[in-house]
Each structure stands twice: as C-alpha cells, then as structure tokens.
Amino acid sequence: MEFGLTEDQEMLRASVRKYAEAELLPNYQRWDVTGEFPDQEFMRKMIDMGLLNLRLPPEYGGQGTSFVDCGIICEEIGRADHNIRYIISNAIHLGEMASAMAPELREEWIPRIANGEMMSLAFTEPRGGADAGGIITKAVRDGDDYVISGEKTSITFCSVSKVVFVSARTGGAGPRGLSFFCVPTDLPGVKAVPFERMGQRLDRAGSFFFDDVRVPARNMIGEENTGFIWAMTIIGYNRCFVPLACIGAAQKSLEETIEYVKQREVMGKPLSKWQAVATELATEATKLEAARMLCYKALSLKDQGLRHDAESSMAKWWGVKVANEALYTCMRLHGHYGWAKSFPFEQRLRDCLGMESADGPREVHHGIIARDLLGRQHAPF
Ligand SMILES: Cc1cc2nc3c(=O)[nH]c(=O)nc-3n(C[C@H](O)[C@H](O)[C@H](O)COP(=O)(O)OP(=O)(O)OC[C@H]3O[C@@H](n4cnc5c(N)ncnc54)[C@H](O)[C@@H]3O)c2cc1C
C-alpha cells in the first residue's frame, strides 16, 4: 500500500500549480464579475501546457495520462479556478469516447476540441437528472439518419459549445434503451438557451432544445442502446474529478485561512491561539485529507481496470460535502472579509455548492454504495 505521490507526480503537481497560479488565479474573480469567457490566447496556453490532450488517442497527440494523474491536475486546477476543470475533463471524456466514434467524427471533432473549442455532455432533462436512465428525449431511425427531439437542461458550456454529446431514447424503457449521439450545435433544429446560476458563471450553462434534429447514423457513439454504458464509463471517473476540484479550492482556502488566523488578533491574541479556531482548522484539514484519499483510491482502481463504482460514489458525495464545509469554515473565520466580494471565499463556495447536484446528488450515491453493501435485491435501487 503506497499513499505518496511519485517523483514524476510531484513534478506534475508543481508544474500545473505554477501554471494555474500564473494564468488562472488572476482571472478567477474577474471572470465571475465581467462574465467574460476565456479567450484564444488563454486557450492556447492551456493547449501548450498539454491539458487538452491528456487522454486523446495517440494519433491526436494523446499522452496516455493515468486517471490518478488526471485527478492531480483537476485538484491543482481547482485550487486556482474550479470552473476551468470542466474544459479539461470534457477533453478527457472525448478521449474515452474516441474508440467508439466513427472515423469521420473523430477526424472532425478531436482536433477541434483539442484546439480549444467547447463541447457539452447532455444527460439531464427538465423532468429530472438523478434518474439518468429514465430520460425521454428520443432519437428515431429514418433511413440513414436519426431524428432527435427533446430538451436537455443545466448543460455546462451550452451557449458556447460547438458540439454536444446527447443521450436519447432509441429503445425500450430504462437505461438499456438509450444511445449517445454527437450533435453539432449549428445543425437546423438545435437551439441553446442560456440561463444564470448561483455559481460557475464561466460555464455558460443553459438548456438545449432539439426540434427534429437530423444526424447521420454514424453520429451515434458505439452501438445502439449502449448509451448508458458510455455515460457511466465517463461519469464513473468524473465522480472523482468533481470532488478533487472542490478539494483543491477548499485546500487553497484553508492555507489562506491558516495564514490569516496567525495575523488577525481578536480579544488580545491571534485567532490561531484560540483553541476553538485551531480545532476547526484541524477538523477541516483531516476531512479534506480523508476525502482526497477516497478520490485517489477510486482513480487508482480505475487505472488498474478494477471496479470502482461504490468507491467513486463515496469520493463524490463525501468529497464535495467536506470541501463545501471547509469552504464555509474558511469564509466564516475571515469574518466580514470572508463575505466580501474582494476575497475569493464566497465565489469558491458558490462555485462548489453546485457540485452537490452535478454528477448526481448524494442520495443517488448513497444508493449506489448501498447496492454494493446490501446487494441489488435488498438495495433501494
Ligand atoms: C454546476 C452544475 C453543472 C451541471 N452540468 C451538467 C452537464 O454538463 N450536463 C448534464 O447533463 N447535466 C448537468 N448538470 C445537471 C446535474 O447532472 C443534475 O443536477 C443532477 O443529475 C440531478 O438532477 P436534478 O438536478 O434534475 O435533480 P432531481 O433528479 O430532480 O433530484 C432532486 C433532488 O431529489 C433528491 N433525490 C434524487 N434522487 C433521489 C433518490 N433516488 N433518493 C432520494 N432522494 C433523491 C436529491 O436531493 C436531489 O438533489 C449540472 C448541474 C450543476 C449543478
């Protein structure tokens, strides 16, 4: 059993941290206020850092980065700008789907995404996202095409994406009747409608409407009615990237708070000398470390090709929860400064709170873990 990072992983962590502190941290609060989207020069630097081709196929410059190493990158990016993690993980998802994509699709979309164009993944529908197998958007075969109709909502990068990967019903009820399609967003019948959310303003979320959108049959990812398997393949490891980005944001806040409480005097002594404050810091540090270990354990299982569904569910619900608790503590220990817009704490908390829902709410993860503990026959679902 080995808990430390290798020398190479330490170097990876250090180089991503250096990049993130120079390129992301200075923009984090500004982008939230101005609503700007990262420009081409910013994207070029991400590409030069090798952050968009981590797991693309080798012929597209892919690096074969392990999932644990991708997790390290997500955690480090999260320290500086939690929202940028989405751009990196989407490029990772594309790499995972590549083997199931038709050659024409691969040749068109992999270079474009690797060059900084945005993509979206669309599972959630207005009737609910927790039940990803129960969607009603449908895709009907018509000659050499499929015709897609339905609505997806709460979709990250909705209004800036050039392509969206959409789950749609091609078969009977339940998860075994779903397929996954690559849909360029400029096709007739595709409409993107943005909306505001409490946090993650950079992610340009919104709803996609598909009004009889015709796509060639080759735009299907993998075989018909295997869409849920594809979705779960991606979601499985992403359930570790999501909390790691939150843990990164929380860890950064904890480090800033540790410095703050050493300086700030209250009732004649530094805050750090009050036992209640020291206990809070120690508690949050312990919870974050435990959550981090859960994430890397699940990613390590994924790297070894082992089952990791219960482990990644543990990482997701626990990691996001404790990161948000730590962020709240850090904001509180900064007193009125913590609440001020000039400090990043309120934004980090707003950004990370959404992660309670994204990639499934905690109740769904409790159900997955319970299924592992109890067996499917005795579990809630
Ligand atoms: C920041 C952010 C980014 C997102 N990005 C995307 C994206 O890019 N693509 C995409 O497809 N979706 C995205 N989503 C949507 C996300 O996947 C859904 O929010 C999630 O799947 C839950 O669906 P829902 O919000 O419709 O909640 P519902 O399914 O309506 O559930 C509501 C609440 O009911 C409870 N609940 C649900 N199921 C159970 C159960 N079995 N037992 C007990 N209680 C339960 C939970 O408390 C849950 O929060 C994003 C969401 C957020 C917040």
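1. Let's start with a term: a polar contact is a pair of N or O atoms within 3.5 Å; within protein, one of the two must be able to donate a hydrogen and the other to accept it, and residues adjacent in sequence count only if both atoms are side-chain atoms. Here is one to find on your screen: the side chains of Ser207 and Thr153 are joined by a polar contact of 2.9 Å.

2. Some housekeeping before we go on. You're looking at a predicted model, where local features need pLDDT of at least 70 and side-chain atom pairs count only at pLDDT 80 or more, while totals for chains, interfaces and linings use all residues. Residues are numbered from 1 along each chain as its sequence is written, and side-chain values use heavy atoms, with hydrogens and water left out.

3. Back to that pair. Thr153 lies in strand 3 (residues 145-155), and Ser207 lies in strand 7 (residues 206-216). Strands here are DSSP runs of E with at least two residues, helices are runs of H or I with at least four, and both are numbered from the N terminus. Are the two residues buried or exposed? Thr153 is buried, at 16% relative accessible area, and Ser207 is buried too, at 7%. The cut-offs, with a 1.4 Å probe and protein chains only, are: buried under 20% relative accessible area, exposed over 50%, partly exposed in between.

4. Who else is around them? Contact means heavy atoms within 4.5 Å. Leaving aside neighbours within four places in sequence, Thr153 touches Thr124, Glu125, Pro126, Phe195, Gly206 and Ser207.

5. Lys152 deserves a look of its own, as it forms a salt bridge with Glu125, with 3.0 Å between the closest N and O atoms. (A salt bridge is a side-chain nitrogen of Lys or Arg within 4 Å of a carboxyl oxygen of Asp or Glu.) This pair links distant parts of the chain: Lys152 is in strand 3 and Glu125 is in the loop between strand 1 (118-122) and strand 2 (138-142), 27 residues apart. Despite being charged, Lys152 is buried at 0% relative accessibility, and Glu125 is buried at 3%.

6. How many salt bridges are there in the whole structure? A search finds 32. One of them joins the side chains of Glu76 and Arg17 (2.8 Å, N to O). Glu76 sits in helix 4 and Arg17 in helix 1 (residues 7-23), 59 residues apart. Glu76 is buried, with a relative accessible area of 1%, whereas Arg17 is partly exposed at 27%. Both also belong to a network of salt bridges that links Arg13, Arg17, Glu75, Glu76, Glu289 and Arg292.

7. Another salt bridge to check is the one between the side chains of Arg197 and Asp203 (2.8 Å, N to O). Arg197 is partly exposed, with a relative accessible area of 27%, and Asp203 is buried at 1%.

8. Now zoom out. The domain assignment, which is automatic or from a database, gives domain 1 (7-116), domain 2 (119-225) and domain 3 (228-378). The centres of domain 1 and domain 2, taken over C-alpha atoms, are 23 Å apart. Their contact takes 24 residues from domain 1 and 20 residues from domain 2.

9. What sort of interface is it? Domain 1 and domain 2 bury about 2,000 Å² between them, 71% of it on carbon and sulfur atoms. Buried area is the accessible area (1.4 Å probe) that two parts lose on being put together, summed over both. In domain 1, Phe37, Met97 and Trp109 lose the most area to domain 2, together 27% of what that side buries.

10. Last stop: helix 11 (residues 345-353). It is mostly covered, with 8 of its 9 residues buried. Among the buried ones are Phe345, Glu346, Arg348 and Cys352. What covers the buried residues includes helix 2, helix 4 (67-80), helix 7 (227-263), helix 9 (309-333) and helix 10 (335-339).
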